[in-house]
Amino acid sequence: IDPKALAESTDNGSFLVELYSFDNLRHRRVQGMLTDLKTIMEDHDIQIASIDCYKHKKFCDERNISSYPSLGFFHKSATKYRTYDRSINRLSLLRLVDLPFTEITKMRRAAGEVTPLHSEDFKLVVSNGTFFVKFFSLNCPYCYALAPIWIQLAEDLRNEPVVSLAEYNCQVDRSICSDFSIEGVPTLLWLENGRNIRKYKGNRKLQSLKHFALEMIAYNGTYASSGTLLSANAVSAGEVTALHPEDFKSIVSKGTFFIKFFLVSCFHCRALAPIWIQLAEELRNEPVVSVAEFNCQEDMPRCSEFDIRTVPTLLWLENGENIRMFNGEPTLELLKEFALEMIAYNGT
């Protein structure tokens, strides 16, 4: 846009204008942010434009524009304006036009999109509202595998106004990840008003992630240390139930569980993982037993209580008591045969 057209256009509206002098990486970065915010701005009757200060030097000089790119917010025939020439990010763009950052999260949530968080505004953004955040690194293969699932989860939760799906790249600023004690990626945290409420520790299947999110929404994110939050809906037919130190006893104390005790670093445990998931699916119509798993790295004393000396170890528990260990070759056929035998004999 040129200055004359800007003056005529701002008679009936407002313009957020990038003031630049030449095409470079910073200019293209600001253009990308403006494009990202275009829908929000238009919803508030703010148009986005740019002025080339090399061509319109007088206009920029009169407004003391000395660094490029800068931003200007113009209205009332361009006679009323304010400018910003410091570090430009999404937060500064919104502040310049007096809009809260929650506009971005509202827009992305309504669109079923993941909100990317940035180091310069991370704490301010998550300080207001509920966020399910994926902490990741670009060189992490597990993060890469999770990416399309995370996008689909955001789409599936688009009608849930309580929570925003977000992600943060730990490689950009490790201090943010250190603040939340992130030791490995991907790490998935449920945050409320900036506080870490609960870490997701289950498998990374879409259905399990969605179940966790809906559970947290239903309970307003309040975590019951007694285990009542999990026990209400933790066991889902056809899925492996992930058990954790804080809720292990309360969950397994009632009912029958076929539990895989494992370590993440164990090769044989990793080989068994897809078979264990398939076993849960095969037994989905057997209401007597729940297929579960427990990571001994989270609580070694817990595994010692059950005399776990090697992993994977597969135990049949009834009302919290170890009834029998599976000692055969862990094939799907033999595991299913064992489970059906235990069900038929009521675990005796």
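Residues are numbered from 1 along each chain as its sequence is written. In this predicted model, local features need pLDDT of at least 70 and side-chain atom pairs count only at pLDDT 80 or more, whereas totals for chains, interfaces and linings use all residues; side-chain values rest on heavy atoms, with hydrogens and water left out.

The chain contains 14 helices and 14 strands, these being DSSP runs numbered from the N terminus (helices H or I, at least four residues; strands E, at least two). Of its 348 residues, 47% are buried, where buried means under 20% relative accessible area, exposed over 50% and partly exposed in between (1.4 Å probe, protein chains only). Among contacts (heavy atoms within 4.5 Å) between residues at least 6 apart in sequence, 68% join residues at least 24 apart.

The chain has a mean pLDDT of 84, with 90% of its residues at 70 or more. Among the elements, strand E13 (residues 313–318) has the highest mean pLDDT (96) and helix H10 (residues 228–233) the lowest (35). Over residues 221–234, pLDDT stays under 50, and the model has 32 contacts beyond four places in sequence for this stretch. Where pLDDT is low, the predicted coordinates should not be read in detail.

Two packed helices are described by the angle between their axes and the distance between the axes. Axes are lines fitted to C-alpha atoms, for helices over the stretch in contact, and angles run from 0 to 180 degrees between N-to-C directions. The axes of helices H7 (residues 141–156) and H9 (residues 206–218) come within 10 Å and cross at roughly 45 degrees. H7 is therefore oblique to H9 (angles under 35 degrees count as roughly parallel, over 145 as roughly antiparallel, 65 to 115 as roughly perpendicular and the rest as oblique). In this contact, Leu-146, Ile-149, Trp-150, Gln-152, Leu-153 and Asp-156 of H7 meet Leu-206, Leu-209 and Lys-210 of H9. By class, the H7–H9 contact has 6 nonpolar, 1 polar and 2 charged residues (Ala, Val, Leu, Ile, Met, Phe, Trp, Tyr, Cys and Pro count as nonpolar, Asp, Glu, Lys and Arg as charged, and the others, Gly among them, as polar).

For helices H12 (residues 267–282) and H14 (residues 332–344), the axes come within 10 Å and cross at roughly 45 degrees. H12 is thus oblique to H14. Leu-272, Ile-275, Trp-276, Gln-278, Leu-279 and Glu-282 in H12 meet Leu-332, Leu-335 and Lys-336 in H14. The residues of this contact divide into 6 nonpolar, 1 polar and 2 charged.

Thr-256 is located in strand E11 (residues 256–262) and is buried, with a relative accessible area of 13%. Beyond residues up to four places away in sequence, Thr-256 touches Val-288, Val-289, Ser-290, Trp-316, Leu-317 and Glu-318. Arg-174, in helix H8 (residues 174–179), is exposed at 55% relative accessibility.

Most residues other than glycine have a negative phi, and most peptide bonds are trans. A cis peptide bond joins Tyr-68 and Pro-69, with omega about -5 degrees; the bond from Val-185 to Pro-186 is also cis, with omega near 0 degrees. Asp-45, in the loop between helix H2 (25–43) and strand E2 (46–52), has a positive phi near 60 degrees.

Terms used. pLDDT is the predictor's confidence in each residue, from 0 to 100.
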